[in-house]
Amino acid sequence: MAVKLTKNEQKKQKDALRQYQRYLPTLQLKKQQLQIVIREAENEIKALREEQRKAVEALSGWISVYGGNASFSSENSIENLVEIDRIEKDKGNIAGVVVPVFKDLLFKRIEYDLSLYPLWVDKALDALKAIAKYDALVATLEERIELLSRELRTTTQRVNLFEKVKIPETKENIRVIGIYLQDQQTSAVVRGKIAKKKLVKVS
């Protein structure tokens, strides 16, 4: 980029450099915060998936119930008694990004005839709801990761722009202007001395 080789431009470039150098650490800190929070959310997802796996394993004695419910007709399948109504979420703020915060998973109230199901049906339904809750927690965290990752990409681009383009470019502009102004000053001094000698000779 061509710059004017003037003192005003030199001041403008120095002001811009100070601004970039003041803003860059904030961007770098934000980038680090986002990376840490994304890693934490990814680790949380792994932990939740492991807990969910253990919860499913604990139901291995009822595998036929959860697999195909062979003992019931398809319309009386136990899974039909569990239907998600909605996921309740709140909003949080991480490094300036509005993110979802899981509050609760709500299920539709489904009435059923107790005579059609075994005694452990309530316990089975509670277990199914608990397993479904893991999916809702994970989905919320995945949504959070997506939003934070998007912000991380933008922040990283800005950090790179400042580190690799703006700051080096501005420093170079200041150097070039400084050399030019110094040369101009030296030339002015030389011209002044030559003019003075000419005046002395004339007198």
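**Pocket, surface patch and salt bridges in a predicted model**

Good morning. The largest pocket in this predicted model has a lining made up of L81, F107, K108, R109, I110, E111, Y112, D122, L125, D126 and K129. A pocket here is an open set of points on a 1 Å grid over the protein atoms alone, where a 1.4 Å probe fits, with protein on both sides within 12 Å along at least five of seven lines; lining residues have an atom within 4 Å of a point.

On conventions: residues are numbered from 1 along each chain as its sequence is written. Local features need pLDDT of at least 70 and side-chain atom pairs count only at pLDDT 80 or more, while totals for chains, interfaces and linings use all residues; side-chain values use heavy atoms, with hydrogens and water left out.

The space in the largest pocket comes to about 190 Å³, a volume being the space filled by probe spheres set on grid points that are joined across faces, edges and corners. Helix α3, residues 121–202, supplies the largest share of the lining, four residues. Helices are DSSP runs of H or I with at least four residues, numbered from the N terminus. Which classes make up the lining of the largest pocket? There are six charged residues, five nonpolar and no polar. Asp, Glu, Lys and Arg count as charged, and Ala, Val, Leu, Ile, Met, Phe, Trp, Tyr, Cys and Pro as nonpolar; the others, Gly among them, are polar.

Let me turn to the surface. L5, V176 and Y180 form a nonpolar patch with about 210 Å² of accessible area together. Such a patch joins nonpolar side chains (Val, Leu, Ile, Met, Phe, Trp, Tyr) within 5 Å, from residues with over 30% relative accessible area and no salt bridge. Areas come from the Shrake-Rupley method with a 1.4 Å probe. V176 belongs to helix α3 and, at 33% relative accessible area, is partly exposed, that is, between the buried limit of under 20% and the exposed limit of over 50%.

Finally, the model has 13 salt bridges, each a side-chain nitrogen of Lys or Arg within 4 Å of a carboxyl oxygen of Asp or Glu. One of them pairs K30 with E151 at 2.7 Å, N to O. K30 lies in helix α1 and E151 in helix α3, so this pair ties together parts 121 residues apart in sequence. Within helix α3, R175 and E172 are three residues apart, about one turn, and their side chains meet at 2.8 Å, N to O. Salt bridges that share partners also join K11, D15 and R18 into one network.

Technical notes
Helices (H or I, at least four residues) and strands (E, at least two) are DSSP runs, numbered from the N terminus. Patches are made of residues with over 30% relative accessible area and no salt bridge: like charges are joined within 9 Å, nonpolar side chains (Val, Leu, Ile, Met, Phe, Trp, Tyr) within 5 Å. Buried means under 20% relative accessible area, exposed over 50%, partly exposed in between (1.4 Å probe, protein chains only).
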